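Morning, everyone. I will go through one model today, starting inside a chain and then turning to a contact between chains. Please have the sequence and the structure open.

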Amino acid sequence: MFKIVSRRELNPTVTMMDIYAPLVAKKAEAGQFIILRVDSEGERIPLTVAGFDRKAGTVKIIFQIVGGTTMRLNAKKEGEYLEDFVGPLGCATKTENIKKVCIVGGGVGCAIALPVAQKFKELGCVVHSIIGFRNKDLLILEKEFKDCSDKLTIMTDDGSYGRQGVVTVPLKEAIENGEKYDEVITIGPLIMMKYVVATTKPFGIHTTVSMNPIMIDGTGMCGGCRLTVAGKTKFACVDGPDFNGFEVDFDEAMARASSYAEFEQREREHCCNLFKKEVK
Amino acid sequence: MAIQPKKHIMPVQEPSVRARNFKEVATGYTEELAVAEAQRCLNCKNRPCVEGCPVNIFIPEFISKIKEKDFEGAYRTISLSSSLPAVCGRVCPQETQCESKCTLGIKFEPVGIGRLERFVADYHNVNFQGEVEVPVSNGHKVAVIGSGPSGLTCAGDLAKKGYKVTIFEALHLAGGVLVYGIPEFRLPKEIVKKEVETLKKYGVDVETNVVVGKTLTIDELFEEGYEAVFVGSGAGLPRFMGIPGESLKGVYSANEFLTRANLMKAYKEDSETPIMRAKNVAVVGGGNVAMDAARTALRLGAENVYIVYRRSMEELPARKEEVEHAEEEGIKFEILRNPVEIIGYNNPNDKKDFKNGFVTGIKVRKCELGEPDEKGRRRPVEIEGSEYVIDVDCVIMSIGTSPNPLIKNTTAGLEVNSHGGIIVEESTGKTSKTGVYAGGDAVTGAATVILAMGAGKTAAKAIDEYLTEKNKK
């Protein structure tokens, strides 16, 4: 059993927790993920490591409520326990030979992008961050990003905070204005990453994407997380989750991500109390 | 008394009934049936059956105990060689092992050794009230990686010799392929749980949620005071054929399909784990795993389930009993067929059509058998222009696995072959790294439960010899 040491709601749909898991905390690196089960009958869900404290033995997770399991996870209080918590899984984000990096995060993907940005800052790199959200209410981790970025641009779809528009707009501007990035790292919705890659490709800037496909065991056994990368079958759990963005087949990944859309919808309705009551 | 020429039939659920439930197919011998079957054993002098068993169970001896109705005595006899009798009695391919060597089998059907083993183990599990004799500790620590058949066997044998054994398991539940792979109707999970509980009584610790190669490395295990390590991490990444359409929605690896159904209990109506409950299913492959996947799909409500296999019924690598059970349940065998493409739904006029990207069929090409390959099995030769499409909404790929890369990637000095399997000395399980032994699918690639158990047993013996020698110095 793994104790929830602290819990904080970052916005109405996104929650942050620190979980006591000393073995995982000891090894975790930015870019890796964990798998957890909320209770003994629960499903296994992968979540990317959003931070860790090796001394305290805790691992930070940030999740968005999307289905039944994340709803049950969100209902857990500080001091309560999670049934299972295993990791760190996958490969850490590569940092070699990078002096100047642009981190592009979207929505809850920013939670995953943050430790990556912090890692580069720690290594003494120049870090530019562009983070995007649907609106001001969904904005998370502004202060944390400010602290580790030499330049931070915040975008909202509706213009309710920061600049109005999508993340690729300031990215393209920066590149056209002569910013020489060794690497662009993007983490967020598949459609956003696809367009970030489309933006950087004409300039030939190496772009890493962090894939988060459907997974079960997360240790290289089930093959559920397979992707096509450079025409070959790859497994996000052991070969990734980071891949060269120019080589990922995004359309296929997007199609596969919707395999259980119907089931998730049912689960959500099954779990959400609002659906159980007669709403007037 | 004349010898009954045939094995006593083991009671099973009616095929039409069992094809729709997840309860165990065979219900097992009664005491009377077991004694009657035991009477068929000639108790011959040369005991060829023992040679046929990868863990060399004292077969005539335990059968003699059954004749005397000393069922606990029979259990103790089996336990001298096997840590998992209730499992082996159910999943071993006896027809190619012990029973294939049975003297009675020359003239008649061999003795139903597997069925008797299963009876004895089940009898013990229901009736045994006493405590196991916990061996005196010798103070030496051994780590076992993976709690599948090889790991459990190795751990059991070492614990009985007094070693302090800790098993590290990556998943949340102990049992490896016995819990994530083999379905409930063939091996009830309660039985695996009982076998693991028995090991714990012998002092074995099981640490779940530890991925060796990630959470801990083998070198760190040595630093923590373990004096030897056994790697039984099992099979790894599923193989795919590399044909078009394998990424469509509704294409599973057998590992994923079975893990969802078994470990994650998607077969239960109220499960939180989604699984496609397809109407028409094609399973590609002909091994035990393919049979398990096909029969699971049937039980999840499929109307038509096809086994697509490129050779003929003769070459099917699955256990005979599983093939027979599958046929009885109505699984259709599309033999001498090789898949060339998986076809998906595509509505070019409506990109938002929710059916887009889901499987609608599998295109197969007919084959005929040609010259034997290096293993002596006749090679399938495709017949040009013979393609046709089988309408299915789910395809399950069951064509084997390649070893898991996690341990190899994080263990300096551990040599692997070109397929990624750990290289070992066959008679000991010794690897290229001092103090590290390995066995099971991590070494051989996908094989059987009993072969993995045999490897675990061999390694346990070698580890004991190695540590005894080492600690003398």
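Which domains does the domain assignment of chain A give? The answer is domain 1, 2–89, and domain 2, 100–257; the bounds come from an automatic or database domain assignment.

Before I go on, the conventions. This is a predicted model, in which local features need pLDDT of at least 70, side-chain atom pairs count only at pLDDT 80 or more, and totals for chains, interfaces and linings use all residues. Residues are numbered from 1 along each chain as its sequence is written, and chains are lettered from A and ligands numbered from 1 in the order in which they are written.

Back to chain A. Taken over C-alpha atoms, the centres of domain 1 and domain 2 of chain A are 21 Å apart. Domain 1 of chain A puts 17 residues into their contact and domain 2 of chain A puts in 19 residues, where contact requires C-beta atoms, placed from the backbone, within 7 Å.

On the domain 1 side, β1 (2–11), β3 (33–37), β4 (45–53) and β5 (58–64) of chain A give two or more residues each. β4(A) gives the most, with five residues. Strands here are DSSP runs of E, at least two residues, and helices are runs of H or I, at least four, numbered from the N terminus. By class, that side has 11 nonpolar residues, five polar and one charged. Nonpolar covers Ala, Val, Leu, Ile, Met, Phe, Trp, Tyr, Cys and Pro; charged covers Asp, Glu, Lys and Arg; the others, Gly among them, are polar.

Now the two chains. Their contact takes 34 residues from chain A and 28 residues from chain B. On the chain B side, β5 (237–238) and α13 (254–261) of chain B each supply at least two residues, and α13(B) has the largest share, four residues. That side of chain B divides into 12 nonpolar, 11 polar and five charged residues.

Technical notes: Contact = placed C-beta atoms within 7 Å.
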